[in-house]
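Subject: Handover of a structure model

Dear colleague,

Please find below the structure that I am handing over to you. My findings follow after it.

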Amino acid sequence: EQRDLHSLPKRRSSDLDYLRISVTDRCNLKCVYCMPACGIVNKPHEELLSFEEIARIVKVGVSLGIDKIRLTGGEPLVRKNLVDLVRILADIEGLKDISMTTNGILLKNYVWQLKDAGLKRLNISMDTLHEERYRDITRLGELKEVKDGIILALEAGFTPLKINTVLLAGINDDEIIDFLRLTQEFPIHVRFLEFMPIKDNEFWKEGNFISCREVMDICCKFGHIEPVDTYGNGPARNFQIKNALGTFGFIAPMSEKFCSSCNRLRLTSDGFLKGCLHSNLKINLRDPLRQGIGEKGLIQLIELAATTKPREHLLDKNSIEASEYLMCQIGG
Ligand code: SAM
Ligand code: SF4
């Protein structure tokens with residue numbers, strides 16, 4: 001069915017209250033659906049925003065209505081002194097929520113420091129509960145590190161803890177029920193993510209895709225499930241198994257576009273503001289910042305990113321060339 005783009009409301013900056021910040025394009029893993037096997041050429045350090053530059057953008061963003069931010073990457077915890085950035089951002093008046101998406105490998109070293117610095121919520125990415133499979137999917141990782149991080153994060157009071165699980169047909173879709181069992185035992189919120197074809201994804205093939213609807217059918221067979229209120233600000237639809245401590249949900253950017261309710265802007269690690277993960281439209285904030293732009297100018301640039309936010313992504317299962325950035329460069 002053809003969507004009428006013009007029937008979707010145009011965005012104003014005040015409609016957008018959520019900023020995702022990629023703090024680095026570097027990562028300690030090379031997940032098959034995110035990075036090429038040969039890795040990526042990292043941007044030189046001087047092209048990345050400094051903590052001061054990020055804080056300046058966030059401050060102006062907050063004056064325009066942003067009140068939630070998420071730190072992501074690449075892997076945010078490989079950025080040196082990341083805890084300091086959390087502390088700087090937590091001090092910004094008007095910012096209500098700071099969260100982070102991490103692969104969890106380094107988490108156990110930082111979890112308490114992050115809590116003390118003011119991090120409120122954590123999403124940990126874990127696509128499988130099997131060690132060997134984890135090594136295959138991430139090409140580099142040890143699952144035990146992630147599990148240790150999860151246990152410590154729960155102990156530190158990051159509850160409910162969100163787990164991001166990208167489901168891949170024929171690779172980890174036989175673990176859906178195991179993830180549901182996890183939600184029965186722990187205050188964990190599992191979010192099943194649909195695999196998105198991002199730029200030059202050598203791993204993408206139609207056969208790897210499994211839609212959230214198909215996953216839901218499998219979940220329904222497991223037992224009595226009921227809808228629960230949405231947590232946080234995301235596009236997830238959420239459910240719970242009767243008497244479970246945790247919940248589970250779906251993020252279906254491919255099969256059920258949620259663009260019309262998308263409230264986020266994205267800041268790339270090299271300082272471009274993007275309205276959409278899948279659009280090449282970007283506003284350069286880094287160079288104007290380094291050339292001494294004033295607050296008014298910065299406001300105008302952020303407003304420009306908001307008002308030019310695409311009304312919906314044009315990604316579909318047959319197109320893999322929609323983005324000039326890889327997922328790890330924009331920040332998923
Ligand atoms: N390195 C951190 C991590 O893995 O959690 C943060 C960045 S990663 C790009 C953010 C999220 O995007 C992860 O949950 C990851 O599984 C997801 N992701 C990456 N590539 C994806 C793809 N092609 N389709 C769907 N999700 C993807
Ligand atoms: Fe790294 Fe996260 Fe991409 Fe995996 S999904 S390669 S952990 S950025």
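The shell around ligand 2 divides by class into six nonpolar, two polar and one charged residues. Please note that the model is a predicted one. Nine residues make up the surroundings of ligand 2, and the closest are Cys27, Leu29, Cys31, Cys34 and Asn103.

Ligand 1 is surrounded by 19 residues, of which Tyr33, Gly74, Ser125, Asn164 and Met196 are the closest. A polar side-chain atom of serine 125 lies 2.5 Å from an oxygen atom of ligand 1. From methionine 196, a backbone N or O atom is found 2.8 Å from a nitrogen atom of ligand 1. In the case of threonine 102, a backbone N or O atom lies 3.2 Å from an oxygen atom of ligand 1.

I now turn to the helix packing. Two packed helices are described by the angle between their axes and the distance between the axes. The pairs below are presented in that manner.

Helix α1 (residues 51–63) and helix α2 (residues 82–90) have axes that come within 10 Å and cross at roughly 30°. Angles under 35 degrees count as roughly parallel, and α1 and α2 are therefore roughly parallel to each other. Their crossing is right-handed. On the α1 side, the contact involves Phe51, Ile54, Ala55 and Val58, which meet Leu82, Asp84, Leu85, Ile88 and Leu89 in α2. The residues of this contact comprise eight nonpolar, no polar and one charged.

For helix α3 (residues 107–117) and α5, the axes come within 8 Å and cross at roughly 15°. That angle makes α3 roughly parallel to α5. The crossing of α3 past α5 is right-handed. Leu107, Lys108, Val111 and Trp112 in α3 meet Glu145, Asp148, Gly149, Leu152, Ala153 and Glu155 in α5. Sorted by class, the contact of α3 with α5 has five nonpolar, one polar and four charged residues.

Helix α6 (residues 176–185) packs with helix α7 (residues 212–222) at an angle of about 55°, and their axes are 10 Å apart. This angle makes α6 oblique to α7. The crossing of α6 and α7 is right-handed. In α6, the residues Ile176, Ile177, Leu180, Arg181 and Gln184 meet Val215, Ile218, Cys219 and Phe222 in α7. The contact of α6 with α7 consists of seven nonpolar, one polar and one charged residues.

Two points of backbone geometry remain. Which peptide bond is cis, with omega near -10°? The bond in question runs from threonine 159 to proline 160. Proline 160 is located in the loop between α5 (143–155) and β5 (161–167). The other point concerns asparagine 81, whose phi is near 60°, a positive value in a residue other than glycine. Asparagine 81 belongs to the loop between β2 (68–72) and α2, and α2 is the helix that crosses α1 at roughly 30°.

With kind regards

Conventions. Residues are numbered from 1 along each chain as its sequence is written. Chains are lettered from A and ligands numbered from 1 in the order in which they are written. This is a predicted model: local features need pLDDT of at least 70, side-chain atom pairs count only at pLDDT 80 or more; totals for chains, interfaces and linings use all residues. Side-chain values use heavy atoms; hydrogens and water are left out. A residue is near a molecule or strand if one of its heavy atoms lies within 4 Å of it. Ala, Val, Leu, Ile, Met, Phe, Trp, Tyr, Cys and Pro count as nonpolar, Asp, Glu, Lys and Arg as charged, and the others, Gly among them, as polar. Axes are lines fitted to C-alpha atoms, for helices over the stretch in contact, and angles run from 0 to 180 degrees between N-to-C directions. Helices (H or I, at least four residues) and strands (E, at least two) are DSSP runs, numbered from the N terminus. Angles under 35 degrees count as roughly parallel, over 145 as roughly antiparallel, 65 to 115 as roughly perpendicular and the rest as oblique. A crossing is left-handed if the near helix is turned anticlockwise from the far one by less than a right angle, and right-handed if clockwise. Contact means heavy atoms within 4.5 Å. A polar contact is a pair of N or O atoms within 3.5 Å; within protein, one must be able to donate a hydrogen and the other to accept it, and residues adjacent in sequence count only if both atoms are side-chain atoms.
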